[in-house]
Amino acid sequence: MPMRRIYLAAFSALAMTLASAPLSAQTQPSCALIEKVISAAEDFSEFALAGDRQQARASLAALRQFALRIKPALPAAASANLEEAVSAAEVAFKNGGNPQAALAALSAYRILVRALNTRLTTTLDVAMLDYSGFRLHALIAAATIDWRAVSDTVAQSADATRNTRRLLANEPGLRDLTASVQNGLEGASAAKSAAWLQSTAQIQLDSVDLLEKVIANPSPTACP
(Lines give C-alpha, C1' and ligand atoms only; values in the text may rest on other atoms or scores of the structure.)
Protein backbone atom coordinates (compact mmCIF):
# COMPACT_ATOMS: atom_id res chain seq x y z
CA MET A 1 0.00 0.00 0.00
CA PRO A 2 1.44 3.41 -0.94
CA MET A 3 2.56 5.50 2.04
CA ARG A 4 -0.02 8.21 1.33
CA ARG A 5 -2.85 5.66 1.63
CA ILE A 6 -1.42 4.40 4.91
CA TYR A 7 -1.44 7.94 6.31
CA LEU A 8 -5.01 8.52 5.08
CA ALA A 9 -6.20 5.24 6.58
CA ALA A 10 -4.57 6.02 9.92
CA PHE A 11 -6.00 9.55 9.94
CA SER A 12 -9.48 8.22 9.15
CA ALA A 13 -9.30 5.68 11.98
CA LEU A 14 -8.15 8.36 14.42
CA ALA A 15 -10.96 10.70 13.38
CA MET A 16 -13.56 7.98 13.90
CA THR A 17 -12.15 7.18 17.33
CA LEU A 18 -12.25 10.82 18.42
CA ALA A 19 -15.77 11.28 17.09
CA SER A 20 -17.12 8.34 19.05
CA ALA A 21 -15.18 8.98 22.25
CA PRO A 22 -16.96 10.46 25.28
CA LEU A 23 -16.14 13.97 26.37
CA SER A 24 -13.12 14.14 28.62
CA ALA A 25 -13.32 15.50 32.14
CA GLN A 26 -11.62 18.66 30.90
CA THR A 27 -14.61 19.50 28.67
CA GLN A 28 -17.01 19.36 31.62
CA PRO A 29 -17.66 22.49 33.68
CA SER A 30 -15.83 22.60 36.98
CA CYS A 31 -17.71 22.10 40.22
CA ALA A 32 -16.74 25.64 41.20
CA LEU A 33 -18.29 27.10 38.05
CA ILE A 34 -21.46 25.05 38.48
CA GLU A 35 -21.87 26.30 42.04
CA LYS A 36 -21.20 29.91 41.03
CA VAL A 37 -23.70 30.06 38.17
CA ILE A 38 -26.47 28.32 40.12
CA SER A 39 -25.84 30.48 43.19
CA ALA A 40 -25.88 33.63 41.07
CA ALA A 41 -29.35 32.77 39.77
CA GLU A 42 -30.61 32.17 43.31
CA ASP A 43 -28.92 35.27 44.73
CA PHE A 44 -30.31 37.53 42.04
CA SER A 45 -33.82 36.23 42.63
CA GLU A 46 -33.56 36.87 46.36
CA PHE A 47 -32.13 40.37 46.00
CA ALA A 48 -34.59 41.34 43.28
CA LEU A 49 -37.56 40.21 45.38
CA ALA A 50 -36.14 42.01 48.42
CA GLY A 51 -35.91 45.21 46.36
CA ASP A 52 -32.16 45.47 46.84
CA ARG A 53 -31.33 46.81 43.39
CA GLN A 54 -27.62 47.26 44.06
CA GLN A 55 -27.00 43.68 45.18
CA ALA A 56 -29.38 42.37 42.53
CA ARG A 57 -27.45 44.23 39.82
CA ALA A 58 -24.17 42.68 40.98
CA SER A 59 -25.70 39.20 41.12
CA LEU A 60 -27.20 39.61 37.66
CA ALA A 61 -23.81 40.63 36.26
CA ALA A 62 -22.31 37.52 37.88
CA LEU A 63 -25.07 35.36 36.39
CA ARG A 64 -24.34 36.75 32.94
CA GLN A 65 -20.60 36.19 33.33
CA PHE A 66 -20.89 32.62 34.61
CA ALA A 67 -23.61 31.75 32.09
CA LEU A 68 -21.33 32.76 29.23
CA ARG A 69 -18.61 30.50 30.63
CA ILE A 70 -20.82 27.47 31.17
CA LYS A 71 -22.92 27.62 27.98
CA PRO A 72 -20.34 25.83 25.78
CA ALA A 73 -20.50 22.81 28.12
CA LEU A 74 -24.31 22.53 27.88
CA PRO A 75 -26.38 20.77 25.21
CA ALA A 76 -27.31 23.14 22.39
CA ALA A 77 -30.96 23.47 23.41
CA ALA A 78 -30.12 24.09 27.06
CA SER A 79 -27.49 26.66 26.08
CA ALA A 80 -30.00 28.54 23.91
CA ASN A 81 -32.68 28.40 26.61
CA LEU A 82 -30.22 29.64 29.22
CA GLU A 83 -29.30 32.61 27.04
CA GLU A 84 -32.98 33.42 26.56
CA ALA A 85 -33.69 33.23 30.30
CA VAL A 86 -30.74 35.39 31.34
CA SER A 87 -31.57 37.96 28.68
CA ALA A 88 -35.19 38.04 29.89
CA ALA A 89 -33.98 38.64 33.45
CA GLU A 90 -31.78 41.52 32.28
CA VAL A 91 -34.61 43.17 30.34
CA ALA A 92 -37.16 42.77 33.13
CA PHE A 93 -34.73 44.09 35.75
CA LYS A 94 -33.81 47.08 33.59
CA ASN A 95 -37.51 47.89 33.27
CA GLY A 96 -38.05 47.66 37.02
CA GLY A 97 -39.99 44.42 37.00
CA ASN A 98 -38.35 42.72 39.95
CA PRO A 99 -40.76 39.74 40.24
CA GLN A 100 -40.59 39.13 36.47
CA ALA A 101 -36.80 39.35 36.55
CA ALA A 102 -36.68 36.89 39.44
CA LEU A 103 -38.92 34.45 37.57
CA ALA A 104 -36.66 34.65 34.51
CA ALA A 105 -33.57 34.01 36.63
CA LEU A 106 -35.32 31.04 38.22
CA SER A 107 -36.00 29.70 34.74
CA ALA A 108 -32.25 29.88 34.21
CA TYR A 109 -31.78 27.99 37.48
CA ARG A 110 -34.19 25.25 36.33
CA ILE A 111 -32.43 24.94 32.97
CA LEU A 112 -29.05 24.64 34.68
CA VAL A 113 -29.97 22.02 37.28
CA ARG A 114 -31.72 19.87 34.70
CA ALA A 115 -28.85 20.06 32.24
CA LEU A 116 -26.24 19.49 34.95
CA ASN A 117 -28.20 17.02 37.09
CA THR A 118 -25.43 14.41 37.13
CA ARG A 119 -22.96 16.97 38.52
CA LEU A 120 -25.11 18.39 41.32
CA THR A 121 -24.10 17.69 44.89
CA THR A 122 -27.65 16.57 45.69
CA THR A 123 -30.43 15.04 43.61
CA LEU A 124 -32.34 16.89 40.91
CA ASP A 125 -35.54 16.49 42.95
CA VAL A 126 -34.04 18.32 45.93
CA ALA A 127 -32.83 21.06 43.60
CA MET A 128 -36.34 21.32 42.16
CA LEU A 129 -37.80 21.72 45.65
CA ASP A 130 -35.47 24.69 46.04
CA TYR A 131 -36.71 25.99 42.69
CA SER A 132 -40.35 25.60 43.75
CA GLY A 133 -39.85 27.54 46.97
CA PHE A 134 -38.12 30.43 45.22
CA ARG A 135 -40.61 30.48 42.34
CA LEU A 136 -43.59 30.62 44.69
CA HIS A 137 -42.03 33.64 46.43
CA ALA A 138 -41.62 35.33 43.05
CA LEU A 139 -45.18 34.56 41.96
CA ILE A 140 -46.57 35.94 45.21
CA ALA A 141 -44.59 39.16 44.76
CA ALA A 142 -46.29 39.99 41.47
CA ALA A 143 -48.85 42.80 41.39
CA THR A 144 -51.44 40.23 40.36
CA ILE A 145 -50.82 36.66 41.49
CA ASP A 146 -51.04 34.07 38.72
CA TRP A 147 -52.77 31.31 40.66
CA ARG A 148 -52.62 28.92 37.70
CA ALA A 149 -48.82 29.26 37.71
CA VAL A 150 -48.88 28.76 41.48
CA SER A 151 -50.89 25.57 41.05
CA ASP A 152 -48.49 24.29 38.38
CA THR A 153 -45.50 25.01 40.63
CA VAL A 154 -47.11 23.24 43.57
CA ALA A 155 -47.80 20.23 41.34
CA GLN A 156 -44.13 20.14 40.30
CA SER A 157 -43.20 20.31 43.96
CA ALA A 158 -45.45 17.32 44.65
CA ASP A 159 -43.51 15.19 42.16
CA ALA A 160 -40.16 16.21 43.64
CA THR A 161 -41.46 15.66 47.18
CA ARG A 162 -42.70 12.17 46.33
CA ASN A 163 -39.34 11.17 44.86
CA THR A 164 -37.39 12.73 47.72
CA ARG A 165 -39.42 11.04 50.47
CA ARG A 166 -38.46 7.65 49.02
CA LEU A 167 -34.87 8.44 49.96
CA LEU A 168 -35.67 9.36 53.57
CA ALA A 169 -36.46 5.97 55.08
CA ASN A 170 -33.79 6.58 57.73
CA GLU A 171 -34.89 10.18 58.33
CA PRO A 172 -38.53 9.88 59.49
CA GLY A 173 -38.66 13.40 60.92
CA LEU A 174 -37.44 14.98 57.69
CA ARG A 175 -39.68 12.66 55.69
CA ASP A 176 -42.73 13.86 57.63
CA LEU A 177 -41.61 17.48 57.31
CA THR A 178 -41.45 17.32 53.51
CA ALA A 179 -44.92 15.79 53.43
CA SER A 180 -46.30 18.48 55.74
CA VAL A 181 -44.75 21.23 53.62
CA GLN A 182 -46.29 19.82 50.46
CA ASN A 183 -49.69 19.53 52.14
CA GLY A 184 -49.37 23.15 53.23
CA LEU A 185 -48.52 24.32 49.72
CA GLU A 186 -51.49 22.48 48.28
CA GLY A 187 -53.81 23.91 50.92
CA ALA A 188 -52.55 27.45 50.42
CA SER A 189 -52.85 27.14 46.65
CA ALA A 190 -56.40 25.82 46.88
CA ALA A 191 -57.38 28.59 49.30
CA LYS A 192 -55.53 31.19 47.22
CA SER A 193 -53.95 32.49 50.42
CA ALA A 194 -50.80 34.48 49.63
CA ALA A 195 -49.76 34.74 53.28
CA TRP A 196 -50.11 30.99 53.88
CA LEU A 197 -48.31 30.22 50.65
CA GLN A 198 -45.44 32.58 51.43
CA SER A 199 -44.80 31.15 54.90
CA THR A 200 -44.98 27.56 53.66
CA ALA A 201 -42.71 28.26 50.70
CA GLN A 202 -40.14 29.64 53.15
CA ILE A 203 -40.38 26.46 55.22
CA GLN A 204 -39.75 24.51 52.02
CA LEU A 205 -36.60 26.52 51.34
CA ASP A 206 -35.43 25.94 54.90
CA SER A 207 -36.12 22.22 54.60
CA VAL A 208 -34.01 22.04 51.44
CA ASP A 209 -31.00 23.12 53.51
CA LEU A 210 -31.59 20.03 55.66
CA LEU A 211 -32.23 17.74 52.71
CA GLU A 212 -28.97 18.75 51.05
CA LYS A 213 -27.10 17.52 54.12
CA VAL A 214 -28.57 14.01 54.06
CA ILE A 215 -29.25 13.30 50.36
CA ALA A 216 -26.23 13.06 48.11
CA ASN A 217 -26.32 12.71 44.35
CA PRO A 218 -25.59 9.05 43.49
CA SER A 219 -24.12 9.99 40.11
CA PRO A 220 -20.45 8.97 39.74
CA THR A 221 -19.72 12.40 38.23
CA ALA A 222 -21.41 14.38 41.01
CA CYS A 223 -19.51 17.22 42.61
CA PRO A 224 -18.39 16.58 46.19
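Which residues are buried in helix 8?

## Helix 8

Leu 174, Thr 178, Ala 179, Val 181, Gln 182, Gly 184, Leu 185, Gly 187, Ala 188 and Ser 189 are the ones buried in helix 8. "Buried" here is under 20% relative accessible area, "exposed" is over 50%, and "partly exposed" is in between, with a 1.4 Å probe and protein chains only. Helices are DSSP runs of H or I with at least four residues, numbered from the N terminus. Among the elements covering those buried residues are helix 6 (124-141), helix 7 (147-165) and helix 9, where contact is heavy atoms within 4.5 Å.

The expected span is 1.5 Å times one less than the number of residues.

## About the model

This is a predicted model, in which local features need pLDDT of at least 70 and side-chain atom pairs count only at pLDDT 80 or more, while totals for chains, interfaces and linings use all residues. Residues are numbered from 1 along each chain as its sequence is written, and side-chain values use heavy atoms, with hydrogens and water left out.

Lys 192 follows helix 8 and sits in the loop between helix 8 and helix 9. Its phi is near 55°, a positive value in a residue other than glycine. Most residues other than glycine have a negative phi. Lys 192 is also exposed, at a relative accessible area of 54%.

## Helix 3

Helix 3 (residues 53-70) has 18 residues and runs 25 Å from its first C-alpha to its last, close to the expected 26 Å. Its buried residues are Ala 56, Ser 59, Leu 60, Ala 62, Leu 63, Arg 64, Phe 66, Ala 67 and Ile 70. Their cover includes helix 2 (31-50), helix 4 (76-94) and helix 5 (98-115).

Cys 31 and Cys 223 form it, with their sulfur atoms 2.2 Å apart. It ties together distant parts of the chain: Cys 31 is in helix 2 and Cys 223 in the segment after helix 9, 192 residues apart. The torsion about the S-S bond is about -95°, so the disulfide is left-handed. Cys 31 is partly exposed at 29% relative accessibility, whereas Cys 223 is buried at 9%.

Ser 219 lies in the segment after helix 9 (194-214) too, and is buried, with a relative accessible area of 16%. A polar atom of the Ser 219 side chain lies 2.9 Å from the backbone oxygen of Thr 118.

Methods: Helix = DSSP H or I, 4+ residues; strand = E, 2+ residues; numbered from the N terminus. Polar contact = N/O pair within 3.5 Å; in protein donor to acceptor, adjacent residues only side chain to side chain. Disulfide = S-S within 2.5 Å.
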